[in-house]
Amino acid sequence: MSTLTAESCENTPESAEPEETPTPCCECPETKKARDACIIEKGEESCSDLIEAHKECMRALGFKI
């Protein structure tokens with residue numbers, strides 16, 4: 001049985017096959033970090049621009065959000 005953690009997402013081996021399905025938790029780390037920090041500090045209603053930026057990044061990678 002394998003366990004998926006944030007660390008395992010960030011440390012994927014370079015030999016991983018490029019055809020693997022991307023994991024949403026690991027994509028767009030810059031926008032995700034900014035979004036999460038804003039939500040924690042100011043609340044979701046004050047972070048709509050960062051939330052939308054993260055959604056756009058995820059959509060650009062093919063995720064349906």
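This is a predicted model: local features need pLDDT of at least 70, side-chain atom pairs count only at pLDDT 80 or more; totals for chains, interfaces and linings use all residues.
Student: What makes up the secondary structure of the protein?

Tutor: There are 3 helices and 0 strands, and along the sequence they give the pattern α-α-α.

Student: How many disulfides does the structure hold, and how do you know that C28 and C57 form one?

Tutor: The structure holds 2 disulfides. For C28 and C57, the sulfur atoms lie 1.9 Å apart. The cut-off for a disulfide is within 2.5 Å, so the pair qualifies.

Student: Why is the disulfide of C28 and C57 called left-handed?

Tutor: Look at the torsion about its S-S bond: the value is about -95 degrees, so the disulfide is left-handed.

Student: And what makes C38 and C47 a disulfide, and what is its handedness?

Tutor: Their S to S distance is 1.9 Å, and the cut-off is within 2.5 Å, so C38 and C47 count as joined. The torsion about this S-S bond is about -90 degrees, so this disulfide is left-handed.

Student: Why is C28 called buried, but C57 partly exposed?

Tutor: Buried means under 20% relative accessible area, and exposed means over 50%. C28 has 5%, so it is buried. C57 has 25%, which falls in between, so C57 is partly exposed.

Student: Where do C25, C38 and C47 fall on that scale?

Tutor: C25, at 34% relative accessibility, is partly exposed. Both C38 and C47 are buried. For the protein, buried residues make up 14% of the 65 residues.

Student: How do you know that α2 is roughly antiparallel to α3?

Tutor: Their axes come within 9 Å and cross at roughly 155 degrees. Angles over 145 degrees count as roughly antiparallel, so α2 is roughly antiparallel to α3. The crossing of α2 past α3 is left-handed.

Student: Which residues meet where α2 and α3 touch, and what classes are they?

Tutor: From α2 come T31, K32, A34, R35, C38 and I39, and they meet L50, I51, A53, H54 and C57 of α3. By class, this contact has 7 nonpolar, 2 polar and 2 charged residues. Notice that C38 and C57 are among the residues in this contact, and that each is also part of a disulfide, C57 with C28 and C38 with C47.

Conventions
Residues are numbered from 1 along each chain as its sequence is written. Side-chain values use heavy atoms; hydrogens and water are left out. Buried means under 20% relative accessible area, exposed over 50%, partly exposed in between (1.4 Å probe, protein chains only). Axes are lines fitted to C-alpha atoms, for helices over the stretch in contact, and angles run from 0 to 180 degrees between N-to-C directions. Helices (H or I, at least four residues) and strands (E, at least two) are DSSP runs, numbered from the N terminus. Angles under 35 degrees count as roughly parallel, over 145 as roughly antiparallel, 65 to 115 as roughly perpendicular and the rest as oblique. A crossing is left-handed if the near helix is turned anticlockwise from the far one by less than a right angle, and right-handed if clockwise. Contact means heavy atoms within 4.5 Å. Ala, Val, Leu, Ile, Met, Phe, Trp, Tyr, Cys and Pro count as nonpolar, Asp, Glu, Lys and Arg as charged, and the others, Gly among them, as polar.
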